[in-house]
Amino acid sequence: MTVEDYNQAVNLYADGIFRFVLKTIRDEEKARDIVQDSFEKLWARLRSVDAAKVKSYLFTTAYHRAIDMIRKDQRQQSYDEIPLQEEGHERQYSDVGEVLNKAVQLLPDDQRSVLLLRDYEGYSYKEISEITALSEAQVKVYIYRARVFLKNYIGKIDVLV
């Protein structure tokens with residue numbers, strides 16, 4: 001990979017990686033740090049990364065860094081401070097987008113990540129499999145389980161409207 005390829009990768013993928021990480025961890029500053037870390041790791045391995053596989057490398061690096069950060073943040077929280085969240089929603093609430101975002105945040109980390117890569121970023125099952133180091137079958141299972149959870153969480157659409 002050349003410096004020109006690296007600069008092109010920054011232009012092509014930085015925004016997509018940022019959106020993916022932001023949807024995953026919901027913290028803009030941490031998302032920027034993860035994007036920066038991903039490109040820093042790419043720069044350190046500039047000669048060993050194939051230019052054709054740079055997108056997969058960057059998303060995989062960002063994914064793993066986001067998971068690490070989530071785990072670190074969870075360890076720092078006391079169990080007493082974690083709010084108990086019930087499955088369901090309030091009847092008078094009608095902002096579907098906000099309800100959906102809240103529901104996505106309740107998903108386990110792996111399910112949330114693969115769902116965001118598939119439904120928000122538009123990656124194929126194979127690409128998600130490469131990014132997350134999961135089998136394609138496991139990616140499909142996680143996406144299915146996430147969608148079932150979201151369906152049960154939100155309930156019928158006429159309840160929201």
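Student: Which residues of α5 meet α7?
Tutor: On the α5 side they are D110, Q111, V114, L115, R118 and D119, and they meet V139, Y142, I143, R145, A146, R147 and L150 in α7. Contact here means heavy atoms within 4.5 Å. This is a predicted model, where local features need pLDDT of at least 70, side-chain atom pairs count only at pLDDT 80 or more, and totals for chains, interfaces and linings use all residues. Residues are numbered from 1 along each chain as its sequence is written, and side-chain values use heavy atoms, with hydrogens and water left out.

Student: And how many of those are nonpolar, polar or charged?
Tutor: The contact of α5 with α7 has 7 nonpolar, 1 polar and 5 charged residues. Ala, Val, Leu, Ile, Met, Phe, Trp, Tyr, Cys and Pro count as nonpolar, Asp, Glu, Lys and Arg as charged, and the others, Gly among them, as polar.

Student: At what angle do the axes of α5 and α7 cross?
Tutor: Roughly 95°, with the axes of α5 (residues 109-120) and α7 (residues 136-154) coming within 8 Å. Axes are lines fitted to C-alpha atoms, for helices over the stretch in contact, and angles run from 0 to 180 degrees between N-to-C directions. Helices are DSSP runs (H or I, at least four residues), numbered from the N terminus.

Student: New topic: is S113 buried or exposed?
Tutor: S113, which sits in helix α5, is buried, with a relative accessible area of 0%. Buried means under 20% and exposed over 50% (1.4 Å probe, protein chains only).

Student: What is S113 in contact with, leaving aside neighbours within four places in sequence?
Tutor: F20, T24, Y63 and I67 are its contacts then.

Notes
Helix = DSSP H or I, 4+ residues; strand = E, 2+ residues; numbered from the N terminus.
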